[in-house]
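Hi,

Here is the structure I promised to pass on. Please open it first, then read my notes below.

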Amino acid sequence: MRLLRNIASRAAVGFALVWAITAIVVIAVAALARDASNVLERTLVLYADDLMHASQAQMAAERMVAVGRGYLLTREPDHLSRAKAAEEELDVALQALARGNMQPAELGLLREAQLSAKEYQRLLDKAFEWAPTAEDRQGLANALRERLLPAREDLGIKLGNLVAHKQRLQVAARQRAAAMATRSVRVTIGFGALALVLSGLLAGLFTKRLVETSEKERASTLSATRALGARDELLGIVAHDLRSPLAAIALRASSLGRSGLDEAAARSARAIESICSRMESLIESLLDATSIEAGRLSVAPGRFRLETIVKSLIETFGPAASEKSIRLKDAVTPPDLSVWADRERLFQVLSNLIANALKFTPERGVVSISARKVNGGVRFEVSDTGSGIARENVSKVFERFWKSDARSARGTGLGLYVAKGIVEAHGGRIWVVSTPGIGSSFQFDLPGPPARDERSQLLASAPPLPPLAAEASLARNLHAHH
């Protein structure tokens, strides 16, 4: 049933995507049609403006002719100023018609009108400058008839041609706009229908492939689950079955070491004990990792003073630090700070972090262990002056089986994974801050006790707990697994 619901939900998402694609196609086509319509609308407005300017030029020319003729006959200054104003209006109207994207035919008509207007203005201005006597009135009339009237007729023809051309352009633009609107509607409907057909085909194919993929995924999940279950079961069996012979070997080696044999035999016995201790730590890490993976890692928290566990860590790792001339520093603030945690598990986490720090810190370096009270809980920090972690690896350090040097045969890559699982089992979180070449700082927070367990705080005044029997061997061998 859950698989069917999963398939149905994915199919719904697929159909939604198909319909979204259809809608996008239709909207895109409609948007393109709208843009084209807007372009045509702007063209129509432009042609309307051109037609208006052409008409204004035509009227200015007529007014210039009439007023200029009146001045020539009467010589009144008012007529002269009005004629000059009409000339300027004609020039402005013709200049407004000039654009950079004009068609060659349209540009030719405009230039002809401009040349004709300039010629008529030149002749008219020349006539204005002529001051004939009364006897020359007939000469003036002849000049008007022979020169100005032909120029005026030519200007009227040129402006009339320009106006007629602008009117034809406007009509053609209106027809194109109507045709484009009809074509846009047809194209939108066609694309919408095509998109719906393709959507149906795609939906059918998607549903078929989805069912096939779900079946394969279900089979793969079942297979992987069985494989993981078998692996974890085998790992648990092997780890448990190895404990008894390891304990027997370690006990026998310890007896041989105390039996008073020669020095060579005693060294061999101690070496066997060390190997057994390493194997025991490895088994514990494997079992912890299996428990974390299965969600079965349990912790038994209680309240105790951190001073006891920090002192035990310093005593445990002091000899290893001295061998490399590394200085171990500790700081607990305040000195009587207590923590609510599983003491043995907390020792395991800190031991792992300190062992890693010692491993990657060069001689005469510094490894610091600190704890302070933060937001009702405790923040721990283990920092070093070692080689640091590459930026691309910072997010991988807590992954299962990850190692900083994949070519190294030492360690299993489980230490930090187990540490993370233990911290999270306490309800806390762990992270790392590292700068290559400068060092690393592993930090984790553990929350305070639940409200119902506040009575456990009375344990803080109890005598310090003795170190666990397994702490020394755990600390000596943790570095072999990282």
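Val339 touches Gly302, Arg303, Phe304, Leu306, Leu346, Val378, Phe380 and Leu446, leaving out residues up to four places away in sequence. Contact here means heavy atoms within 4.5 Å. This is a predicted model, where local features need pLDDT of at least 70, side-chain atom pairs count only at pLDDT 80 or more, and totals for chains, interfaces and linings use all residues. Residues are numbered from 1 along each chain as its sequence is written, and side-chain values use heavy atoms, without hydrogens and water.

Val339 is also among the residues with the most contacts inside the largest nonpolar core, which has 46 residues. Such a core is a set of buried Ala, Val, Leu, Ile, Met, Phe, Trp, Tyr and Cys residues joined through side-chain atoms within 4.5 Å. Buried means under 20% relative accessible area, exposed over 50%, and partly exposed in between (1.4 Å probe, protein chains only). Another core, of 28 residues, lies apart from it and includes Met64 and Phe128.

Next, two helices (DSSP runs of H or I, at least four residues, numbered from the N terminus). H5 (residues 263-294) and H8 (residues 415-425) pack at about 50 degrees, their axes 9 Å apart. Axes are lines fitted to C-alpha atoms over the stretch in contact, and angles run from 0 to 180 degrees between N-to-C directions.

Last, Ser298 counts as exposed because its relative accessibility is 53%. Ser298 and Asp288 are 10 residues apart in sequence and 9.7 Å apart in space, C-alpha to C-alpha.

Best wishes
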